Amino acid sequence: MTTETRPPEAAETAARGVHSPGRAAIAQRHLRLDRWWLPQVMTAAGLLLFIGYSTWRAFFGLHTSYAAPYVSPFYSPCLAANCPTMKGGADWALFGSWWQLSPALIVLIFPLGFRLTCYYYRKAYYRSFWSSPPACAVAEPHAKYTGETRLPLILQNVHRYFFYFAIPVAGILTWDAILGFRDAQGRWGHMGLGTLVLLVNIVLIWGYTASCHSCRHIVGGRLRHFSKHPVRYRMWTWVSKLNARHMQLAWASLFSVGLTDLYVYLLASGAFSDPRFF
Amino acid sequence: MSYEATFRVWRGDAEGGELTDFQVEVNDGEVVLDVVHRIQATQAPDLAVRWNCKAGKCGSCSAEINGRPRLMCMTRMSTLPAGETVTITPMRTFPVLRDLVTDVGFNYQKAREIPAFVPPQGVKPGEYRMQQADVNRSQEFRKCIECFLCQDTCHVVRDHEENKPAFAGPRFLMRIAELDMHPLDAAADSGLDRKATAQDEHGLGYCNITKCCTEVCPEGIKITDNALIPLKERAVDRKYDPLVWLGSKIGLRRG
Ligand code: SF4
Ligand code: SF4
Ligand code: FES
Ligand code: FES
């Protein structure tokens, strides 16, 4: 009989990771003195802010999703029959009228999947939401770890397909930005502050999409002999330059999408009217 | 200019040990290794510490300074918060031998598990010709000084001893990437698919691309962006991309 009263897990916890037998006996889980938790907290705050805002807008934003000639990026392309009429825009009722929920929910699956499986966002949420790891050389709280070796996380490998879908979506948003060079009646050759907002947004979206690691691989990274494919080598070099800024582009485009939607919301709800340039 | 600093150095062996305080003189321009040597010279002659070049090139003096994996010879005292205790421990992922010296045999074991370069058929040594454009990527990886700080900081094995058999670690997954990008490696002709074995045999899937290896690499190698993620993409080519699979079935070959 044993008199041990500790639960078995407690004994196991004591002896795992940096406390495994044979490693230097140091009681602390880490010895970092800097504010290692700060980037994690800021990342989590930024992501939660966007998740909160976009959920509200995706579910309840239909009637403030269009303010001629501008459409919110959350509602384009708009694939259900309950979309607002967007002159020349992508209001294709492919889903028909049985879809009664917000049409944003149909199309947002693609950008959502793209960002959810993005190598940068993976790093961001593994660290800030799952503490795996909380920071470098700071022991993580989990007893077991299998990374992306099995379901569900092995599905992160589908990122490339979301990249393929992201291209037409960015194409449609580009068209939306071009449509912004009209006035509210649909006459071409005009421009307002909203046009500028849409343009900045689409440049950042393309920047984010083109700097994707899967893109870098597909345009040239998968080659072994760059010297035999000078054009693809050029493209790879160019994408590699953007790729080094992928994190910054991820954040910039996330905020620009949210702010563009906010701008359309403010116009559509009549908070103010679009300052016209010409 | 010199001043008195407090150093807290881990002393002990596999049986146990503790952080021990030393008051020690620090001079202008010194690095942490200089101060550790002064402790050794003046106060603790039996303090075990591994070093060789004092120039950040041999990769021997890896340790953890204030909880961060670093080379002691490349950490200037002037970059540490002045007036605060400097804590130095051995790397906490590998078994400790004595004081600051660990047994890094795990890494040699992993190195042996990676199949070596396969020489191309019909090209004699001395006849190898490669274009600079084709070796640029591998050359970044060849800067590695094998300090194993990346292996030390990677949470896959640092926090989970049980993953050690399955996971090669960033340094050696980078070695696979280097060989898979090598313009003359003939592994594929000999039936070895480096992309697939990276995942099946060397644990690429354990890496969750959280980039701590990149953060600590003293050579500034972009391990995650340039080796691990490209290797993951190459594994996707092989295992999850039906278009590529179809292409290989109907006889299309890639460059
Ligand atoms: S990026 Fe991957 S290999 Fe590098 S430290 Fe993180 S989990 Fe380990
Ligand atoms: S990749 Fe960098 S951190 Fe890892 S062993 Fe080589 S030099 Fe050290
Ligand atoms: S979008 Fe971030 S890696 Fe593809
Ligand atoms: S002593 Fe050679 S790297 Fe520090």
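Trainee: How many residues of chain B are in contact with chain A?

Mentor: This is a predicted model. Contact is counted where heavy atoms lie within 4.5 Å. On the chain A side 56 residues take part, and on the chain B side the number is 65.

Trainee: What area is buried between chain B and chain A?

Mentor: The size of an interface is often given as the accessible area lost when the parts come together. Carbon and sulfur atoms give 50% of the area buried between chain B and chain A. The total for the two chains is about 5,200 Å².

Trainee: Which helix of chain B gives the most to the side that touches chain A?

Mentor: Between chain B and chain A there are 41 residue pairs in polar contact, both residues at pLDDT 80 or more. On the chain B side, one helix supplies nine residues, the most of any element, and spans residues 223-239. That element is helix H9.

Trainee: How many charged residues are on the side of chain B that touches chain A?

Mentor: That side of chain B has 23 nonpolar residues and 21 polar ones. The charged class there numbers 21.

Trainee: Which residue of chain A forms a salt bridge with B:Asp237?

Mentor: The count between chain B and chain A is seven salt bridges. In the one formed by B:Asp237, the closest N and O atoms are 2.9 Å apart, inside the 4 Å cut-off. The partner of B:Asp237 is A:Arg222.

Trainee: Within chain B, what distance separates the centres of domain 1 and domain 2?

Mentor: The domain assignment of chain B places domain 1 at 2-101 and domain 2 at 105-249. Contact between them takes 14 residues from domain 1 and 17 residues from domain 2. Taken over C-alpha atoms, their centres are separated by 32 Å.

Trainee: Which three residues supply 47% of the area that domain 1 of chain B buries against domain 2 of chain B?

Mentor: The area buried between the two domains of chain B is about 1,200 Å², with 54% from carbon and sulfur atoms. No other three residues of domain 1 supply more of its share than this set. The three are B:Pro69, B:Thr93 and B:Phe94.

Trainee: Which residue forms a salt bridge with B:Glu219?

Mentor: The rule finds two salt bridges across the interface of domain 1 and domain 2 of chain B. For the bridge of B:Glu219, the closest N and O atoms are 2.6 Å apart. Its partner is B:Lys57.

Trainee: Which strands of chain B each supply at least two residues of the side of domain 1 that touches domain 2?

Mentor: Across this interface the rule finds six residue pairs in polar contact, both residues at pLDDT 80 or more. The strands in question span 62-65 and 68-71. They are strand S3 and strand S4.

Key. Residues are numbered from 1 along each chain as its sequence is written. Chains are lettered from A and ligands numbered from 1 in the order in which they are written. This is a predicted model: local features need pLDDT of at least 70, side-chain atom pairs count only at pLDDT 80 or more; totals for chains, interfaces and linings use all residues. Side-chain values use heavy atoms; hydrogens and water are left out. Domain bounds come from an automatic or database domain assignment. Buried area is the accessible area (1.4 Å probe) that two parts lose on being put together, summed over both. A salt bridge is a side-chain nitrogen of Lys or Arg within 4 Å of a carboxyl oxygen of Asp or Glu. A polar contact is a pair of N or O atoms within 3.5 Å; within protein, one must be able to donate a hydrogen and the other to accept it, and residues adjacent in sequence count only if both atoms are side-chain atoms. Helices (H or I, at least four residues) and strands (E, at least two) are DSSP runs, numbered from the N terminus. Ala, Val, Leu, Ile, Met, Phe, Trp, Tyr, Cys and Pro count as nonpolar, Asp, Glu, Lys and Arg as charged, and the others, Gly among them, as polar.
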